[in-house]
Amino acid sequence: MTLWLTRLFRYVGLAFGLAVSAVGVPAGAESGRQILVLETGMHRGPVLRTSTDSAGTRLATVAEDGTARLWSLPDGNLLRTFRTPIGASGIERLDAVALSPDGTLLATAGTRAGDEVLPALYVFDTGKGTLVRRLRDLPNRINHLTFSRDGQFLAASMASHSGVRVFKTQDWTPAGSDGGYGSDSYWAEFNGDGRLATTSLDGMVRLYGPDFHPLAKMAMGKGKHPYGLAFSPDGQMLAIGYVDSTKVDVLSARDLSLLFSPDSASATNGTLNSVAWSADGRTLMAGGRYGNPAGTRLLRLWRDSGHGAATDVPATRGTIMDICAFKGGGVAIGAADPAIRIIPTPGAKAVELRSGIPDYRTLGAHFTVSADGHRLGFALRTHGALFTPAEPRLLLDPPPDSTLVAPQATGPGIKISDWQDHRRHPSINGHVLPFDTDERQVSLAVGKSHHVLIGTTRHLRLFDDKGASIWQQPVPGTPWAVNAAENGRVAVAAYGDGTIRWHRLSDGHELLALFAFEDGKRWVAWTPSGYYAASPDGDDLLGWQIDNGRDAAPDFMPVSRLRDRFRRPDILAKVFDTLDETQAVGTADKASGRPDSSKDGLRSTLPPVVTIRSPKDGATMAVRNVTFEYTLASRSEQPVTKVWALIDGRPVPGSQGEEDEPEIGKVQRLTFPVPPRPVTVTLMAKTANAPADPATVQLRGQGTGPPGTPTPAAARLLILAVGTEGREGAHGPETVAARDAGRFVDALRAHQGAPYHTITARLLADDKAGRDAVTSGLDWLHHEATVDDVVLVLWRGPIIGGTDGQAYFLAEDTDPTHPADSGFSVGQVRDALKALSSKVALILDPSLRVGTHPADLAQVAKDIATTASGILVLTAASSGENPIMTGHDGAFVTALVEGLPDTIGPDHIQPLTMDALGQWMAERVPQLTGDTQHPHLWHPPTVPDFPLVTPGTSDE
């Protein structure tokens, strides 16, 4: 590898860390090895490679966070995350990805640290998420993967002198290879007639025939290092980008002779190492580190198939790592931010997919800690923040606190030299520190006990005043800031993967980790064994990856699925007292009267795995009653207690299998009616501890279109709106809650005609919103709603926290001192709506009952909007926000009513869906409330989006 390329990838690593998602690896066998990983719904490391299917409907990406992901085009919705088996050290780096032309296979490659055979190539079924093949015994790391246009071959460019290898996709046997390269090969691509081209840092571009025998080889000139390449859509030209230049060359795809070089004279900085052609071949594109003075990376375009003048388009903040064009004129860009930018068509508004991880590179003096380490101050993108593990709580924009101390660069009896000279190793009191050759120091803090804490690109290290190493620990990302508590017991570091971690100062052992999004609204903190505390909407950010052997895809389970066992803020509060997780668990268990948590292994509580054998995904069903064949696999000793079905995310009433007791490993059947329209069918199973991950297939009704076909014309919209402030006794003027409920109903009724021919509503306001009336309204929905209908429930009433730890919905006549007797628990509301056969959305905009304590709205929503319930929940505010107390009571319904007419959406034809409404509310309500109130839509993953109204259409 050239020095320049080494610096390129070092730059990426320094800026964003390696983004290794491993946070702890309990001992275990190859099958069953467990590791905690962060899961934010987006890559957390530089997006290295991108790939699309031939139809332009799917995008595959891979990043340094060890995941490959599949997205829909052009909207950028995440379809599936692919994980590979954990290496012996718990670290997996993925470098390459390719999507087959038909979109059914995803290939990715990486290295499993600590294994005897380091490189491996994995092939996944994109529909099922299963690992269908693992290719091993590879000579070196794979840098790039590409499928042939007909999908019959997969080519891999490799590191060092290993060159290129080609595999037959029919049986994954070798089809050809060339190992005579002089350096790393970073790109390979097929054209339409089966020819294969590769680049190498040895200065060569190579061309192979359909039989994979060499046809031509071209040296690109002294000092040139070819990196990216792309065939023009007609297969006649080959564009080449360089890792050390802004020059781009276009070669003949017949003999590699130089045809021309697009104008790049004005690109005077960085590189244009990645290249691509538009789907119609009329535009040539290139990108890399080339950017403007503001630091924005630019995508350079040449019209007229590369012969036209250059045009620069602002693209990303980080280095452009890969560019791929897709059918219809779209372009997808993978960047080092990390980010994915999707431009659906030229000139269209781009879809930005960003990780939201905080950037701690400039944290410096803003990284402050209390003397005992119990309170930590730091800076997010637009807020100051204070985290207190003992509560635990993340407070935004806290008042100044003089007891929090910034990192100290000096101390009594400590002299540090050459600290900021990255060409030399620093020294302590004249003693040169023993760093590795490629290790660079980035942060430092001097402790009160004459020790020096140093963060480097590879380790967190502690030295004494004589420069002797006390300990070193590997890092999950570059430690941009470090600090040490004055009591000499705790060290803390802010890493490039977006985490902040507390370490025991005596040996560097990790005690606690914190991840918060850059806006501070969602966060999770956890111990190495997975005991955690989180914001109400943050406990899905952490999960367990569980290996099923080297030749099977691992399972992933959010810790929230085992919330009762692992959500333990009491343990986090004890960690700093004991400086030992095991002792903290024992102390917390004893204080709470729990049984010994350490005796229950994670494996014993894992849910089962459901696999649908038939019908196949995308099948057309000609019958009303459909029989589903499925199997169950157990990952624990717990028996499966229930199997049930969902249609479009909604439970199917009365679905029942042929077996009274589901059996592990046996093919079983479940028969139930499926409506003759496009549907998503999901099978669920559960043990006494947790439900399984859903197994899903999309089915077409006979004579219908693909999934996503609009709602049937016969569908109805049923509305139950409750508006009460529960003031007990006679009412005077109409309350705000009652008025808002009426406004909501009137606004929806105005759109009768499309997409619902009938809109029927029951409005329960003030003294008409007693418990009996609400119960009658729920009964009405139960008897009236059908599978083709949509039900909206607005709760504009009090939701309080009871003394028993439960949350309750208060009717007009509920006694707030005994809510369990005359109110509705969260479970009762969930179960009542879950029993409906229609699609259901619950809108929560709580009013105030004097003398009561409002429940945490986000936690209420999370308890209702589960995969098992299939209920969408739109909340008026986020955790900790109280619209009544901020003086903005009613702003939510105002925004809701504003969003229903023609003012929303790009035109008057597109229906307003629940997801679109959620986006509108998330933008509009903060504008109305001075950024004090932030709505959120909780959307279970198995429930398809559905329309509410079609703006501009009404029967009135």
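Modeller: Contact here means heavy atoms within 4.5 Å. The model is predicted, with local features needing pLDDT of at least 70, side-chain atom pairs counting only at pLDDT 80 or more, and totals for chains, interfaces and linings using all residues. Residues are numbered from 1 along each chain as its sequence is written, and side-chain values use heavy atoms, without hydrogens and water.

Colleague: Which elements do the buried residues of helix 5 pack against?

Modeller: Helices (H or I, at least four residues) and strands (E, at least two) are DSSP runs, numbered from the N terminus. Buried means under 20% relative accessible area, exposed over 50%, partly exposed in between (1.4 Å probe, protein chains only). In helix 5 the buried residues include Phe744, Val745 and Leu748. The buried residues of this helix pack against strand 58, strand 59, strand 60, strand 64, helix 10 and strand 68.

Colleague: How many aromatic pairs does a search of the whole structure find?

Modeller: Rings of Phe, Tyr and Trp (its six-membered ring) pair if their centres lie within 6.5 Å; planes under 30 degrees apart count as stacked, over 60 as edge-to-face and the rest as tilted. Searching the whole structure on that basis gives 15.

Colleague: What is the angle between the planes of Phe387 and Trp523?

Modeller: Phe387 lies in strand 32 and Trp523 in strand 45, 136 residues apart. Both Phe387 and Trp523 are buried. Their edge-to-face pair has 5.5 Å centre to centre, and the angle between the planes is 75°.
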